[in-house]
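Student: I've got a model open and I'd like to learn how to read its helix packing. Can you walk me through it?

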Amino acid sequence: MEDEAFDQIIYVINQLISWLASGAMIFGGVVPYIPQYRDIKRTQNAEGFSTYVCLVLLVANILRILFWFGRHFETPLLWQSIVMIATMLLMLSLCTDVRVANEINTKRRAFTATDSKDEELKAPKKFFMDFDLNYFWLWSRFVDYLQCVLAFTAVAAYITYLFLDSALFVETLGFLAVFTEAMLGTPQLYRNYQNKSTEGMSIKMVCMWTSGDTFKTGYFIVNQAPVQFWICGLLQVFVDFAILFQVYYYSRYPQKPASHTVHAGSAKAL
């Protein structure tokens with residue numbers, strides 16, 4: 001009887017640990033963006049955060065969901081993708097509102113065609129899309145980002161439907177999903193390099209990236225996830241450490257004077 005009771009306790013503990021790990025996988029990826037979201041909301045300044053981070057995560061998680069249809073993997077990873085897509089759309093909505101509010105006199109850009117009478121956008125009439133690559137993913141309305149994401153999802157889903165029976169296509173799709181996510185930090189890495197500073201970027205966010213990616217990679221290995229997952233997870237951890245090195249380097253060896261500009265209606269970032 002004692003052995004049965006002990007085995008039952010061990011089983012309950014294992015189940016609890018499993019549930020906690022699954023919950024951490026689903027919602028843990030969202031946590032790093034909370035301090036960045038609050039900083040942008042408080043300062044009304046989104047210049048230090050690269051919205052291309054949102055683009056990378058949206059593409060990666062959409063591809064990962066499509067990969068699931070060809071090869072079922074851990075369910076928490078599927079839910080993680082759904083939650084992350086919603087989070088990135090929230091980040092984009094905030095960054096777009098802040099950027100447009102701070103650039104009142106800047107010419108507006110749109111993803112889809114706009115009417116020349118549209119005073120809000122002040123953009124010339126287009127046939128279908130604004131193909132100016134210099135302004136790709138720098139549109140003036142959140143709805144344009146949403147339209148772009150939906151268009152990409154529709155095209156990717158259609159192609160996946162056509163080639164879902166091909167093992168080579170499915171494995172390639174899985175690799176593209178996790179490799180794209182592994183490149184998550186590179187837009188921020190490049191933005192910091194361009195600015196020669198990490199000012200405006202939430203250091204808490206990057207620290208959470210690093211700890212979360214380390215945990216996630218370990219989760220992949222322990223749960224024997226497809227090999228693409230943990231190899232690209234290791235790459236993602238490497239990029240995280242590179243950004244942390246930038247934080248150290250630019251604080252120790254400033255490349256330009258600290259900015260003292262305070263945007264209208266905002267407080268200076270701490």
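Student: Where does UniProt place the feature "transmembrane region"?

Tutor: Keep in mind that this is a predicted model. The UniProt record, an unreviewed entry, puts that feature at residues 16–37, 49–71, 77–100, 142–164 and 227–250.

Student: What is the helix content of residues 227–250, and how far apart are the end C-alpha atoms?

Tutor: That span is 100% helix and 0% strand, with its end C-alpha atoms 35 Å apart. For residues 49–71, you get 83% helix, 0% strand and 34 Å between the end C-alpha atoms.

Student: Okay, how do I describe a pair of helices?

Tutor: Two packed helices are described by the angle between their axes and the distance between those axes. Here, H3 (residues 52–70) packs on H4 (residues 75–102) at about 150°, and their axes are 9 Å apart. Angles over 145 degrees count as roughly antiparallel, so H3 and H4 are roughly antiparallel to each other. Their crossing is left-handed.

Student: Which residues in H3 meet H4?

Tutor: Among them are Leu57, Ile62, Arg64 and Trp68 in H3, and the H4 side includes Leu78, Gln80, Met88 and Leu92. The contact residues divide into 15 nonpolar, three polar and one charged.

Student: At what angle do H8 and H9 pack?

Tutor: H8 (residues 203–222) and H9 (residues 227–252) pack at about 160°, axes 9 Å apart. They're therefore roughly antiparallel too, and the crossing is left-handed. The H8 residues in this contact include Trp209, Asp213 and Lys216, while Trp230, Asp240 and Phe241 are among those from H9. That contact divides into 14 nonpolar, five polar and three charged residues.

Technical notes
Residues numbered from 1 in each chain as written. Predicted model: local features only at pLDDT ≥ 70, side-chain atom pairs only at ≥ 80, totals over all residues. Heavy atoms only, no water. Axes fitted to C-alpha atoms, helices over the stretch in contact; angles between N-to-C directions. Helix = DSSP H or I, 4+ residues; strand = E, 2+ residues; numbered from the N terminus. Parallel < 35°, antiparallel > 145°, perpendicular 65-115°, else oblique. Left-handed = near helix turned anticlockwise from the far one by under 90°. Contact = heavy atoms within 4.5 Å. Nonpolar A, V, L, I, M, F, W, Y, C, P; charged D, E, K, R; others polar. UniProt positions renumbered as here; feature names shortened; annotations may be inferred.
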